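I opened this notebook to keep track of what I looked up in one structure, from overall dimensions down to ring pairs. The sequence and the structure come first.

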Amino acid sequence: MEDIMQLIVNNGLGIASFGALLYFVDKYLSKMNTLVEHISSTLVEVEKSLSDLNVRIEKLEKKEK
């Protein structure tokens, strides 16, 4: 236990910096994961919309011929 306390006292700034790095990485990775999920769902909606538009255009082109 004394060895751990001595390690923290001797390397306090390094340990604190490493802890802060881990905290921010965890925080921003979870935010990025949420963002990627939102972008993915939006892209699926855009794909469906374009597919529907393509079908409508094909129907209109067949009517004109």
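**Ground rules.** I note that this is a predicted model, in which local features need pLDDT of at least 70 and side-chain atom pairs count only at pLDDT 80 or more, while totals for chains, interfaces and linings use all residues. Residues are numbered from 1 along each chain as its sequence is written, and side-chain values use heavy atoms, with hydrogens and water left out.

**Whole chain.** I looked up the secondary structure and found two helices and zero strands, helices (H or I, at least four residues) and strands (E, at least two) being DSSP runs numbered from the N terminus. The radius of gyration of the chain is 27 Å, whereas a compact globule of 65 residues would have one near 11 Å; the radius is taken over C-alpha atoms, and the globule rule is 2.2 Å times the number of residues to the power 0.38. Along the principal axes, the C-alpha atoms fill a box of roughly 85 × 15 × 10 Å.

I then asked what share of the residues is buried. The share is 0% of the 65 residues, where buried means under 20% relative accessible area, exposed over 50% and partly exposed in between (1.4 Å probe, protein chains only). The accessible surface comes to about 6400 Å², with 64% of it belonging to carbon and sulfur atoms; these areas come from the Shrake-Rupley method with a 1.4 Å probe, and for residues only the protein chains shown count as cover.

**Nonpolar patch.** I recorded a surface patch formed by Met1, Ile4, Met5, Leu7, Ile8 and Ile15, with about 630 Å² of accessible area together. Patch members have over 30% relative accessible area and no salt bridge, and nonpolar side chains (Val, Leu, Ile, Met, Phe, Trp, Tyr) are joined within 5 Å, like charges within 9 Å. A salt bridge here is a side-chain nitrogen of Lys or Arg within 4 Å of a carboxyl oxygen of Asp or Glu. Helix α1 (residues 2-10) gives the most, with four residues, while Ile15 is found in helix α2 (residues 12-64) and is partly exposed because its relative accessibility is 38%.

**Aromatic rings.** My search of the whole structure gave two aromatic pairs. Tyr23 and Phe24 are edge-to-face, at 5.2 Å centre to centre and 70° between the planes. Phe24 and Tyr28 have ring centres 6.2 Å apart and planes at 20°, so this pair is stacked. Rings of Phe, Tyr and Trp (its six-membered ring) pair if their centres lie within 6.5 Å, with planes under 30 degrees apart stacked, over 60 edge-to-face and the rest tilted. Phe24 and Tyr28 are separated by about one helical turn because they are four residues apart in helix α2.

Tyr28 and Val55 are 27 residues apart in sequence and 41 Å apart, C-alpha to C-alpha. For Leu50 and Gly19, I noted 31 residues in sequence and 46 Å in space, C-alpha to C-alpha.
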